[in-house]
Amino acid sequence: MINSLMPTYNRSSLSFEEGEGAYLFDSKGKKYLDFMSGIAVSSLGHSHPKLIAELKKAIEKPWHVSNLFTIVDQTKLANKLVENCFAESVFFTNSGAEALECLIKVVRKYFYNINQSDRFRIITFEGAFHGRTLATLAAGGKKNHLEGFGPVVDGFDQIPFGDFEKAKEIINNTSAAFLIEPIQGEGGIREVPEGYLKHLKKLSEDNGMLLCFDEVQCGIGRAGKLFAHQIWDIVPDVMAIAKGLGGGFPIGACLATRKSCQGMIAGTHGSTFGGNPLAMAAANAVLDAIIEDDLISNVDLMGRKLKDSLKKLASKHYTKIEEIRGTGLMLGIKFKLNPDSLVEVLLNRGLLVVGASDNVIRLLPPLVINDSHLKEALDIIDAAISQWGS
Ligand SMILES: *Cc1c(COP(=O)(O)O)cnc(C)c1O
């Protein structure tokens, strides 16, 4: 078959035909334990009965209704999100990058609205990833992602992740907000240092800035709390979420306090597909399952067990592993050498994982995994590391 796809991905020829819980099956029927979840997307695993049932119901009803009308499930989902975090207002998008575009617009419009439109600069952090649109590329600041796509969107300044001093020094009369992932995903499962979110909160308050979190990857139960920032008990003014929210259905959201989104009145923002009935059915089902089945406790318990076992593996393979990072079911194994070829070995042994910057392999299993999945994964990881490079 000729391949007419734009070759922006280094794709494996592997193609998955079926999925069941934490497992995927390729076209030859080979079974894989899925410890990447499509990069933190398939939060309930594959073919979850509740998701299937809710989407089947939705598929018999109108697939699309314009946002010029009331979409009852959209209001329900917004209310559910608001009940469970700092936010008072929600805008639905189709992806993480779009959620961040909305976040950036909320910030700029807030300062415009209070007659301080000179304040539009957002401070971001090295190692960040915020998406592939022009503004989110600028926010992420990654040179190889930006190359050839200039001119770079103005309004973003970057400082080292976790640097207390620089965060303070960089603030001037054009500073509008901080934008940070409480746990960096693509950057290599890097958690903010203790006290850092509190520091940024204080700086934001003292300088009349907005504090913004990108929880596209670390949110929706992944870090052992519904939202990762709840670990540190520091709330933002605006937050972007996506990935795990739809359990595999495309959806994102920008959540804000009423004060910070005061400028977002009728006509200031929009999306044809954002908040569509199918996405709402999926996300309502995901949130209901997370809350009703107490998956957060499962993430916390499984995450602790997995991290402890990985630390033991790290001691055993101390010549190859540098450290174990992360929390909940957002864990990273940092290697001394580039582990790309190890990802291949793991794949051949039936375990799907995904790499990240900084010589890290990410483990992002579905939130529904149990002890037997942990054991299976750990056995494969142990054997693969022994085989790798020997
Ligand atoms: C994946 C990701 C995004 C971008 O989401 P898309 O849905 O790919 O646009 C933004 N921020 C973080 C932290 C992510 O992990």
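Which residues does Lys201 touch, not counting residues up to four places away in sequence? They are Leu211, Ile234 and Val235, where contact means heavy atoms within 4.5 Å.

This is a predicted model, in which local features need pLDDT of at least 70, side-chain atom pairs count only at pLDDT 80 or more, and totals for chains, interfaces and linings use all residues. Residues are numbered from 1 along each chain as its sequence is written, and side-chain values use heavy atoms, with hydrogens and water left out.

**Chain**

The chain contains 12 helices and 17 strands; these are DSSP runs numbered from the N terminus, helices being H or I of at least four residues and strands E of at least two. Its radius of gyration is 21 Å, close to the 21 Å that the globule rule gives for 390 residues, so the chain is as compact as a globular protein of that length. Here the radius is taken over C-alpha atoms, and the rule is 2.2 Å times the number of residues to the power 0.38. Along the principal axes, the C-alpha atoms fill a box of roughly 65 × 55 × 45 Å.

Of the 390 residues, 52% are buried, meaning under 20% relative accessible area (1.4 Å probe, protein chains only). Of the contacts between residues at least 6 apart in sequence, 74% join residues at least 24 apart.

**Lys201**

Lys201 belongs to helix H8 (residues 196-206). Lys201 is buried, with a relative accessible area of 17%. Cys212 lies 11 residues from Lys201 along the chain, and their C-alpha atoms are separated by 9.6 Å.

**Ligand site**

The residues surrounding the ligand include Ser95, Leu100, His130, Glu181 and Lys243; a residue is near a molecule if one of its heavy atoms lies within 4 Å of it. By class, this shell has 4 nonpolar, 5 polar and 3 charged residues. Helix H4 (residues 96-113) gives the largest share of the shell, 3 residues.

| Residue | Protein atom | Ligand atom | Distance |
|---|---|---|---|
| Phe129 | backbone N or O | nitrogen | 3.1 Å |
| Asp214 | polar side-chain atom | nitrogen | 2.7 Å |
| Gln217 | side-chain N or O | oxygen | 2.8 Å |

Taken alone, the ligand exposes 380 Å², and the protein buries 82% of that.

Key
Polar contact = N/O pair within 3.5 Å; in protein donor to acceptor, adjacent residues only side chain to side chain. Areas by Shrake-Rupley, 256 points an atom, 1.4 Å probe, with all protein chains shown as cover. Nonpolar A, V, L, I, M, F, W, Y, C, P; charged D, E, K, R; others polar. Buried < 20%, exposed > 50% of the residue type's maximum accessible area, 1.4 Å probe, protein only.
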